[in-house]
Amino acid sequence: MAKFQNIKRFFFKYSLIPPKKWRPAAIVLVASFFGLGLYILKLSNAAAYLSDDPQACVNCHVMTPQYITWSRSAHREVATCNDCHVPHNNVFNQYYFKAMDGLYHSYIFTIRAEPQVIQARQPSVEVIQDNCIRCHAPQVKDAKTEAFVEDHHFNRTDRTCWECHRETPHGRVKSLSAVGHMLEPIKAQTPSGLQVVPNWLKDAMQEKNQETLPQK
């Protein structure tokens, strides 16, 4: 009880509690603010961004070309979006970078300022380059190559990996108007139980298969 009184005195001392006649309106305002915040978090599926699920990156639609091209690449089997696009030096920096990048993307999408061709900003370029080297260290730091290839160290450090490996992993066609939408349902945008193939088509295909089966 004494602790509660201390907290109450603190709020009154710094005028954090409004006068009695304004308190009902203040309570409604604060409750509305928190309610709206929770609704936005639910609507944007914000919890998905704490996971490594690549489909979280297409919650805001504009990343669809990047998701589709990644899903058709060899990297799909070994790396998710977070493996390439967030730092891995420590967990705190990883989630800090992820939060700041996510807030920037949310802001750009909200004001409808996304470009036709999405390009990585400089901080992201540095992170992606570090992750390329982190996963492919045996290729880029091979001692045998270092020994007989002239200027090997300079040639592998004066440019980004994708200046040569342009098709990895997103390919060259990356604009919003150049890559269509895929048939694979996006979990964050579709109701549970959604089927890509409708029931009427399944029934028709089953009837067709039964007609073509040999009669015994």
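Reader: Does Arg-112 count as buried, partly exposed or exposed, and what is its relative accessibility?

Author: The model is predicted. Arg-112 is found in the loop between helix H5 (91-110) and helix H6 (122-135). Its phi is positive, about 55 degrees, although Arg-112 is not a glycine. Exposed means over 50% relative accessible area, so Arg-112 counts as exposed, at 55%.

Reader: Which residues is Ser-124 in contact with, leaving aside its neighbours within four places in sequence?

Author: Ser-124 has its place in helix H6. With a relative accessible area of 9%, Ser-124 is buried. Once neighbours within four places in sequence are left aside, the contacts of Ser-124 are Phe-97 and Asp-101.

Reader: How many helices and how many strands are there in the protein?

Author: From the N terminus on, the elements run α-α-α-α-α-α-α-α-α-α. The count is 10 helices and zero strands.

Reader: What share of the residues of the protein counts as buried?

Author: The accessible surface of the protein comes to about 16,700 Å², and 62% of that belongs to carbon and sulfur atoms. A residue is buried when its relative accessible area is under 20%. Of the 216 residues, the share that counts as buried is 21%.

Reader: How far apart are the end C-alpha atoms of helix H2, and what span should its residues give?

Author: Helix H2 covers residues 23-43, which is 21 residues. The expected span is 1.5 Å times one less than the number of residues. For helix H2 that span is 30 Å, which agrees with the distance between its end C-alpha atoms, 30 Å.

Reader: Which residue just after H2 takes a positive phi?

Author: The phi in question is about 55 degrees. The residue that takes it, just after H2, is Asn-45.

Reader: How many disulfides does the count come to?

Author: A disulfide needs two cysteine sulfur atoms within 2.5 Å. The sulfur of Cys-135 has its closest cysteine sulfur in Cys-84, at 6.6 Å, which is too far for a bond. For the sulfur of Cys-164 the closest is in Cys-161, at 8.6 Å, and that is also too far for a bond. The count of disulfides comes to zero.

Reader: How many aromatic pairs does a search of the whole structure find, and of what kind is the pair of Phe-33 and Phe-34?

Author: The search finds two aromatic pairs. The rings of Phe-33 and Phe-34 have their centres 5.8 Å apart and their planes at 80 degrees. Planes over 60 degrees apart count as edge-to-face, so the pair of Phe-33 and Phe-34 is edge-to-face.

Reader: Of what kind is the pair of Tyr-67 and Trp-70?

Author: The ring centres of Tyr-67 and Trp-70 are 5.7 Å apart, with the planes at 45 degrees, so the pair is tilted. Both residues lie in helix H3 (residues 64-71), three residues apart, about one turn of the helix. Tyr-67 is buried, and so is Trp-70. To end on the kind asked for, the pair is tilted.

Reader: Which residue lies over the face of Tyr-104?

Author: The distance from the ring centre of Tyr-104 is 3.7 Å. The residue lying over that face is Arg-121.

Conventions: Residues are numbered from 1 along each chain as its sequence is written. This is a predicted model: local features need pLDDT of at least 70, side-chain atom pairs count only at pLDDT 80 or more; totals for chains, interfaces and linings use all residues. Side-chain values use heavy atoms; hydrogens and water are left out. Helices (H or I, at least four residues) and strands (E, at least two) are DSSP runs, numbered from the N terminus. Buried means under 20% relative accessible area, exposed over 50%, partly exposed in between (1.4 Å probe, protein chains only). Contact means heavy atoms within 4.5 Å. Accessible areas come from the Shrake-Rupley method with a 1.4 Å probe; for residues, only the protein chains shown count as cover. Rings of Phe, Tyr and Trp (its six-membered ring) pair if their centres lie within 6.5 Å; planes under 30 degrees apart count as stacked, over 60 as edge-to-face and the rest as tilted. A charge sits over a ring if NZ of Lys or CZ of Arg is within 6 Å of the ring centre and within 35 degrees of the ring normal.
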